[in-house]
Every structure is written in structure tokens, then in C-alpha cells.
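User: I am new to reading protein models. Could you walk me through a few local features, one at a time?

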Amino acid sequence: MAHCQRVSSTSSESDFSPASSLRTSPSQKQDNEEPNHPDHWQDPAEMHPSGVQPIITAIRATDLTLGLRRIPAGFHAVIKADGVEYQTSNISVNVDQAVVEWHERIPLPREPCSKVRVSVYASFELGPMLCHDELLLTFEISVGELLYLSEKSNSKELLSEVINVCHANSHIHRPAAIAMEICALHSARSIDANDLGQEWDASSMLPLSLNQLVVQAQWCLERDEPSALDEVISLHYDALGYYNAGHDCRGQLLGNLAVVLQTRFERRGNDRDLDQAIALQQEALALHLVGHTDRSISLNNLANQLFSRFDHRGNGEDLDQAIALHREALALRPVGHTNRSMTLNNLATQLSSRFGHRGNGEDLDLAITLNKEALDLCPVGHTDRSILLNNLANRLSSRFDHRGNGEDLDQAIALNMEALAFRPVGYTNRSGSLNNLANQLSSRFDHRGNGADLDQAIALHKEALALCPVGHTGRSMSLNNLANQLSSRFHHRGNGEDLDQAIALNREALALCPVGHTYRSMSLNNLANGLSSRFDQQHDREDLDESRENLLCALTLLTQHDPRRLIVHQSISNVYLSFHRSELHDTGPGENTDSLNAAMHHFKAATNIVSAGFLSRLRASLSWVRHASQHSHGTQLEAYATSMLLLDAYMSATASVSSRHNTMKEFPNTLAVDAASCALRSGDIGRAIELLEQGRTIIWTQMTRLRTPLDRLQTCGDHAVTLMKKFADLSSLLDKSPSHPEGTQRIDVEAEATRYRRLVEDWNGTVEEIRKIEGFSSFLLPPLFSDLQAAARDGPIIILIASESSCDAIIIPHKQPPTSIQLPIDIQKLVKLINTFPEAVEKETGQQQALMKALNELWNNVVGPVVEKLGGLVRLGSRIWWCPTFLFNFLPLHAAREYRNGGKSLSQLYISSYTPSLTALIKARASRDRPTSVPFVAIGQNCPAGASFTLDAVEPELELVRKLLPPPPTVSFSKITSVDATKSRALCALRENTWFHLACHGTQGFDEPFQSAFLMRDQPLSLLDIAQTDLSRHHFAFLSACETAVGDFNTPDEAIHLAAGLQFAGVRSVIGTLRLYSYTICTPN
């Protein structure tokens, strides 16, 4: 099993100026999630070192006369700073003069955060002025920015930058512009006229201010220039010497330095940089106490750096601490806060990572919820929308891997396509989106088998790899993912070149994951899988030995509860199977039991990795079943039992019964019968019966568990009574299957599913507590044969089993041991026999020759051998119960007979009844009160909504029923027909009457069997409506309607039809109809 990698995006917020948005390096996950994404660097209340005196040495303005309606006498400038105003001399100019200059020295405040306002006026008199006359141009800038811009630019560039940044939205729209020349002097020097006449290079004399450091650091983060990054870090350390422990700006400087150190770690991989970044960020957080305006920024930054260290070294404590810090940061950023979306995204990324390493589905669900909220806060056009689209897509893809809901995968692909559209060629993070979309297309290929998805995935991965050259932090992930898809294509199409290229890419990826790297184990696993595949093709012993060595090493690198251990265990199993099949040992191919035992051991180990989730464990158990069966290994029955337990557990967490049915269709529909057939081959008939009962009618069994009475707990003490109430309350909540009308928001459906899973977890915990009470150790566990045999109390039960290996019948008497009979038919002939019946009905003639032939064949191959065995067990005329499984569900067993002179007929020998399971029959026989007067309702509907024809005999039928019943008070008879027979009236009548007769149209829903229904005047009375109704006091139901006992062809052992629904709802005896109609059964794969 290959393991794809994703890269996640958090937001690494840093104490830089508010206008900037930063990206730090990617953290590898199972998809490409964006590099850590900071929202902004905060605006530091900067303090320039106190020994610096900034001076304006010149002011220059251009084109001041343009647009003036009259010629001024002169121009002057006014400079205001910290409440002090300076005015230059008034200079006269010629009409065509382009430039005006004032060479006057004006001292500015020492504080870099102090604001300086510069205004230029036109004067219409040259003498002393009473006012400033007409304002031509004004702008405001901080001292720190002036110093920095004067160092970086010549005066013309300064002029342009100042006007564009500071005055673009001014109401003054003049072409005039202004520039200033600035110098900075140490206070140690005397500022005299000579000093003021010199120009000084501030950068050669002083450490940079915080704002200057911010700008330079931002520049370095946006470009990969190692020397510049080193210089910025050195300048930050220099500045720390000026900002002592008590300075207000020290925390901001510490935080900024931590971010640039983290950036250098991500680009060069020096652990000391990351450790130092964390230490500095912890110091910064200590200075930003609760209530400090910058505390949320420090919390966020420290969390991201701890997360980065977790990704690098795998220490779970770093991850837990990062999540705790992000939770605190989020609490400081309520709805409406500018940076809430960034914090939501960060917390989601780290919860998703913890899910990946520990398998707690709640972490993943919460991550998806947080990502959706973050995305809602970033509408189309927002700069961070592509990142959030990408991350939400990855979470949904992870949930698809974990739970198998195809809607999650489709939505993930759509989101990633939208994200990629925001990242054209040349975009910085395009490779991440390419990688993510490719991984999800590959998942869809695995799920649905469309080769075009796989080819597109490979093309996207190749483009992504081209964007990650040697030295790029994402190269290892890109190499790994491309290798996995090439390997997948090899298995799909058999081109050896794909496999060789995959192995070469995996080797390069592994070289980039040295010892200690978080993803080294998965890189070893992927390389090992490629080598194992090549061994199967080329039989080179070195490939197999290297593969096994890599996998055993990978296993040692993963902690006990890491869900990825399941992947490695499965890979090891496959290697041992390859060894078993090979000729690399002395015993010959297929004879080395040590390697086969080792393979089965690792399959079993994979199913026990609880953190991997039920779906992955179930898939692993099915692999175990397949290989144990193929090699007739002694663990076959254990593998089957494990698979059925995991299937039950996986389905129980699905909220609606319809969803459970759809889930059932994704897994082998012969699991239970194959398990029983395996037990029969081993001679254990009792175990075969237990496995059938465990693996069939799973949906009905789960529903009936929720209605289990616990009256016996009343006498077991206060704790038991408390558990009884908790069990009843939780069961009641779970028994209310959620309904989602068309148009229900997906987010509401997901919220309901999450709530349901939590209830299931609480319910399972309560059941475990109940089992600790004396006398309840087997509470709701799969029943043993000794319990199930009680179902044969009133007559023998015949279970019919159809599997690829054989078709068998098991006869269960009440007191004697069960016996099995191998029937003279195989599964192919059985399919042919089933298809004979609808064909015979279509060819009906007066003699019904085709139907008679079909019933005769049914007698010879199925019913006759059973009747022969029954002769010594039960007297003629007795009742027998048929419990058909799989394909036998579609045969009219009760109608079988020999069509020859003196031929036998089953209906003349025994009274046939059916039961969907032994448990259902036991439950139906449970004692219940018999009322002195039986309430009996007859419900008839001859013309329901949407019906194409009328049932003319409904009224006469109901009248006949009334005449056949004893008169009152023995039976209290009522009737509902015609316009009165609506869905609500019928359902109410069913609840109130313990005996009922239904005469109406009936339909079996083959695509949605829980929508099978009795058709009423206004709308159908569905199987789902019946299943959710308590009919536990009811004794008898006669269903005079079509298709009430047919079932679903895709999941026949679930017995999802109207008759079974009524029985599981509590009705003791149900008479239904197996209406013959046109259908075709296919041979199972």
C-alpha cells in the first residue's frame, strides 16, 4: 500500500508591518497543504536607539506652478512633528521654473514612530504672512520610514515612492511632487553648523530601526537569497542589544527574529535555527502577558514553530502544545476579528496533522469545520482564498480515505480545481495545488477505476516536480507522490518502465528524508512496495530482501498508536506472501509455511491498529480474508469473524439506514456465506451458524439493539440503574434516524453525522460498562450457537448457504446437533435456476410447463435432499422454517414439488414458514400480553396516488376478512379504505391494532430498498416509516400486496423488504408475498 503525502498550510504570523503577508515552508502531510501562512507582521511601536538624531537637510518640490490659476509670489514648506511646527523661508520662482529647493536643516524627533507632516503652500506675498495661503501638497510619514527610504533610494525614487504610498487617495490631484534628504547623527557628536552641513550614511553608523528590519526581513522572506537572510538575522541580533529586557518593543523584535530563524531552518534544515526560534518566541510570549494586544500573535507564531519542529522530529508533545496555543489564540480572535480566518486555518492544519498521526476522527471533523468557517471569511478575490480552498480539499480527501464517502472526494477535487485556477503558471505555490489535485484524482481512480484520472494525476505530478528542483523543500514529497502514481499505473497496465521509474524516484525521495525525519517511515514503505512489485515481475532476490529490510525498519520508526503502522503491516504481509510464492527457499514455491504464517500475522496486526479507523481496518481484514482463503490458512475463520465485527462497527457509525445500505454495497455481499462455508469445510457446523447470524441482517440487527430492554438491571444496584437509563436515553437518540430533505445544506448534514458518531461512541462506552456487571458479560455480543438453537423450539430450521465453494443446507433441530447437507447444485447452476422463474412466468400457458419444470428442478436440487434428511427428525405435517441466505432468498422454496406420477410436494408434507434470521425468530416468540379483545384493523387502498390502475377486489377482500373473524368481544374489528386510507391514518392504525390486514399496491425499491412501500391515497407508507415504529406488542400482519418479501439483489442477506421490516419492528407473525416478476440475477464475481 503506497502512502501519498500532502503539504499543509498554517499561518505563521510574525511581528512585522501590517501590510505584509508571509509564507513559510510547507509541512508535509498526505496532500500538499500550503506553506505556513502568516496573516501579517504587526506594526511595532518602534523605538530608534536614543543616540540618533535625524535631520532634514533639504526639501525639493517639482512642477508646483502647474494648474495654478494665478502666479504666486513664492512657495514655502511647513513641517510638523510632535506638536512642533517648522516653516521654511518663502522662495520666489519664475513661471517656467520646474524645481524649488529649500536647503534648511530641520531636526526631527528621535522616536522612529513619530509622525512627520510635510505641507507645501503657494504664497501670494513675500513679506511676513498671516496664514499659509493655498495648500498645494501634503503627506505624512514616520521618522523611521524616512530614514529607511533615504538609505534605500535616491531622491527621485524617494519622491515617487512617498507620493504613491502616502498620498495616492488624497483629494489633492496636483502633478507636483516633493522629496527630502535626511541624515542621522549620533548624539555623541556635537551638532553644530559644520555637522549639519555634512551628509551622513545612517546605515553605517546605527543598527536599523524595527520598521527598517521589518521591511528587510519581508524582502528576504519573499526571495531566496541566503546572504541577505543571514545579514537580516545578524541585524536583528544587533538590535536586541539596544532593546533591553524592559523595552516595550523587545517582544516584537524577539518574535520577528524567531520568524526569520524559522525561515532559515526551513530553507537549510539547521536544527539549531528552529530550536533558537522557539526559545526566542517563548521569551516573546512571556513578555506579552494575558491582555497584551500582541499576545495572540505570539501564541500563533510559537504554535507554528512548535508544529514545524513536530513535522521535523515527530515529538507529539510539540504538536499537542501547538494545538493548545492555537486554541488560546483563536479565543482572542472572535467573530469579526481581522485575523480569525488565519487562526482557524492554523488550528485546522494542526488538528488534521494530529488525526494523521493518531487517527482520532473528531480531530478531522473539527478541522473541516474550522476550515469551512475560514473559507467563508475569505470570499472570491481574497488573497488567501486559494490556500483555504486547498486545505479544505485536503481535509475532505483525508476524511474520504478514513470513511469512504465519495461526496467528500468529489468536493475535494472541485475545491482543488478552483484553487489551481487561482495559481497560474509562475505562481509561487502552484506545485502544491498540482500535487493535491493529482493525489485526489488518483484516489478517484482507485475508487472508480477511470484510467483517465490516473493519467491526469501523473501529468500533474510531473509538472509539480518540475517546479520543485533540487534543494526545494517540497521535492521529497513530489518525488514520492509521482512514484506512487507510476507504480499504480504499472499495476493497472503492466508497463515495467513505470515501475523502474517509480523505484528511482522513491530512492531519491528517501535520500531527502534522513534518519529522524518525520516521513522517513513512509518513504521506506513506498520504496519497499516498489521493490516488492519488481520482485514479483523479475524475481531478483535482492529486491525482496531490501524491501523486507526497509519495511521492518519503517515499522520501528512508528509509535505504537501511529495509524500508519497499518499501512506498513500490510506491506510486510505482501512481501512475505511474495516470499512464500517464490522459489527462494529449500521447500519449493508455496510450501514455506513460516513466510505464510508471518504474512497472516501482519495482516492480523494491521486490523488491530485502532487509531487507523474502522474503514482502513476493515479493508485490511478483507485482504486477510482473501489471502487466508487463497492459501487455506488456519486463520481463515478468525479473519472472517474480524471482518464482520469491523463491518458492523463501521456501519454503526453511519447516521441513516439508507446510508448504511449504500455502504453495504461497497463490500463483498458473500462475506457471511463464505465464512459459513469455510466453517462447514472445517467440520464446525455450530460456528458456521454463528458466523451467518453475525454477518447477515446487520442493518436490522443494529436497529433492534437500540430497542433492547434492560429491565433485569433494575435489581443490580444504583450504578446499574444509572447505566440502564443512560443506555435507554442514548438508544432513543440514535433510533431517530436523521432525515435530510432535498436542499438540506451539506454543512448541516455533516454536523448531524458528527453528532451521531459521538452518540455512537458514548453508546458503545455505556455497553462496555454494562458488560462489567455480573450476568451481563455477553450483553449485545454476537450470539453463540447454544443460544441460537432455541429458535428451533417449534420446529426445525433449514439454513440454505450458497458460496463459490459449495451450496449447502444446515438443519437445526431443537435438541439434537445440527446436520449439514451438500446440495447437488453449484452457484452457477443456482443463478440459472433463479433466472428460470421470471422467464417461466413470462411464458405462461394453460399448461404452465416452464413453471412446472422450474419447480421440479428446485425440488431435485434444493428442497428434495432436505426433505429426505427431515424424515428422521420431524413428523409429516409439522411446521418447518426456511432461513435462506444470499441467492436462495429469490427462490419460492415452499412451492417446490416433483412433477411426475406419485411425485412429492413440499406443501403436502410440511407447513413452510420463513425467517430472515434465527435471532428474529427468537424475538418473535418472546412472550407478550394477550389482550382479552384483539384489536384488528383492515386497511385497503384501491386507488393510491400515482397508480396506473385500480385494484377492484380490495373492498370485497376486506369484507371477507371481516366475516372470517370471530365476532366481538373476541375481536374488535375496524376498517380504513378509500380516501380515508392515507399514510398518517394507516400508520396510526398500525400502532393501535396488534393484528392487521393490508390490501393495496406494494412496491419493492431496488435502488433504495428502504423506500419500499405500501401505496396509500396521498403518499407511500415506506419501509423506513415502519422500521421507526414500535410494533413490539403486535402479533399478526397479513400483507395482501405485491413484492412484500422480495428483497434487494445487491444485498440479499440484509433482507430489506416490507415483511422483514414488520418482523424486525416487532410483529410476531407476518404473511407476505414473493411476487414473480421480470428480473435477472448475475453470477457473483
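Analyst: Let us look at some backbone and side-chain features in turn. This is a predicted model, where local features need pLDDT of at least 70, side-chain atom pairs count only at pLDDT 80 or more, and totals for chains, interfaces and linings use all residues. Residues are numbered from 1 along each chain as its sequence is written, and side-chain values use heavy atoms, with hydrogens and water left out.

User: Where does His633 lie?

Analyst: Helices (H or I, at least four residues) and strands (E, at least two) are DSSP runs, numbered from the N terminus. His633 sits in the loop between α22 (614–630) and α23 (636–652).

User: Is His633 buried or exposed?

Analyst: Buried means under 20% relative accessible area, exposed over 50%, and partly exposed in between (1.4 Å probe, protein chains only). At 13%, His633 is buried. Contact means heavy atoms within 4.5 Å; beyond its neighbours within four places in sequence, His633 is in contact with Leu596, Asn597, Met600 and Ala628.

User: What should I know about phi and peptide bonds?

Analyst: Most residues other than glycine have a negative phi, and most peptide bonds are trans. Here, Phe886 has a positive phi of about 45 degrees although it is not a glycine. Phe886 belongs to the loop between β14 (879–884) and α33 (906–909) and is buried, with a relative accessible area of 2%.

User: Which residues does a cis peptide bond join?

Analyst: Pro968 and Pro969 are joined that way, with omega about 5 degrees. You will find Pro969 in the loop between α35 (954–964) and β17 (971–977).
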